[in-house]
Amino acid sequence: MKLSVAVPSKLVAALCFSHVTVEAGMFGYALCATACFVACNSATAACVAASGGVATPACIAADAECCGACVTGCAAGLVACFDETTTYAVSSKDENSIETTLLHELTPGDYVLTLDDTNTSRLAWTKVVDVKLHASTQGYDFVHIFTSEADLRVTNDHIVIIDEMASASVATQACEIGKEDAMHAIDTTGEIDKGTAEVVNIEPYRASTKVELVTESGTVLAFGADGKHGLFVTTVCNTYVTDGASMQLGNLLSSYRMDHGFSANLIEVADVSTGDGDVDIKPVPNDKTAAA
C-alpha cells in the first residue's frame, strides 16, 4: 500500500503492508485491513499537510499507531463469539468433575457438553481447543436471541444452528435468524430432554468484551447461569457463512474440521431423544483426558 505523502511515510506503508501479508490468510481480513489502512493514510496526509508538507515524526508515529489498531481490530472482528458475562457451559476436567462454567473460565483440554451433529438426539462431550477473551473500547455488535426454552447472547455474525426438523440442520449468522425459526434445545432439569425451541424475539445490543471458544467438534451447548437449559450452537468463525446465506450444518463442520485438522472425537454421554427417566451425565473418563 502506498501512502499519498512523502518518502518517509512509505516506511509506515510498508509496516501496514507487512501486517496484511501476515494476516491475509484469514478470509475477509485483507478487505477490512485495507479499508482501515486507507483511512489511516488519509489522516496521515492531513497531518503532513498541516505540517507544511513535511512527514514529521509525530505524523509517522500516529500512522503507525493507526495501522496497529487496524490489525488488532480487523483480526478480532473476524472472530464470532459469546457474551462474556451470561454464557455458560457444562464442563468436565476428569471423571470426578462436572461443573457449570462461564466460557471465559474454561481452559484448553477441558470438555464441554454438546450434541452429536450427525444425530442431535445424542448428548456428548467435546474437547476445548482454545479460549480467548477479546476487549474493545469501541464495543462489539451482539444479538440477544430469546427462545421458548432458553436464551443466547452472541455476536451478530456468530454462526448459529437452525433446526429445520423436516430436513438437515442449517447454519447461518445470528443476525439472520428470525422469529419462529427453531433451534435445538436441551433441558437437564430432572429428566434430560432434547427438543426444539422457537425463536420468539431478537434484540441487538453492544458489549465491550466477547469470548472466543474453539472446540474440536466445532459445536457446544450454550447454557444460562443455571446450567439447565441450553441451545446447540457452533464455535465456528464467521468466515464460513457469508451475510444473508446459510449452509448445511454437516458441510460446514466438515470444512471446519478439515481446515483445522480436527476430528469430532465426541465422547457420547446419552441418547436424550425421549426424556424417559433420569439420565446421569457422566464425567469424562480419565483414560480420555490422559490421551488428550
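Biologist: Which residue does a disulfide join to Cys-47?

Modeller: A disulfide is a pair of cysteine sulfur atoms within 2.5 Å. In this predicted model, local features need pLDDT of at least 70, side-chain atom pairs count only at pLDDT 80 or more, and totals for chains, interfaces and linings use all residues. The S to S distance here is 1.9 Å, and the partner of Cys-47 is Cys-59.

Biologist: Is the disulfide of Cys-47 and Cys-59 left-handed or right-handed?

Modeller: The torsion about the S-S bond is about -85 degrees, so the disulfide is left-handed.
The two cysteines are twelve residues apart, with Cys-59 in helix 3 and Cys-47 in helix 2. Helices (H or I, at least four residues) and strands (E, at least two) are DSSP runs, numbered from the N terminus. Residues are numbered from 1 along each chain as its sequence is written, and side-chain values use heavy atoms, without hydrogens and water. The answer is therefore left-handed.

Biologist: Does Cys-47 count as buried, partly exposed or exposed?

Modeller: Buried means under 20% relative accessible area, exposed over 50%, and partly exposed in between (1.4 Å probe, protein chains only). Cys-59, at 1%, counts as buried. Cys-47 has 26% relative accessibility and therefore counts as partly exposed.

Biologist: With which side chain does the side chain of His-134 make a polar contact?

Modeller: His-134 lies in strand 4 and, at 15% relative accessibility, counts as buried. A polar contact is a pair of N or O atoms within 3.5 Å; within protein, one must be able to donate a hydrogen and the other to accept it, and residues adjacent in sequence count only if both atoms are side-chain atoms. At 2.8 Å, the partner of His-134 is Glu-212.
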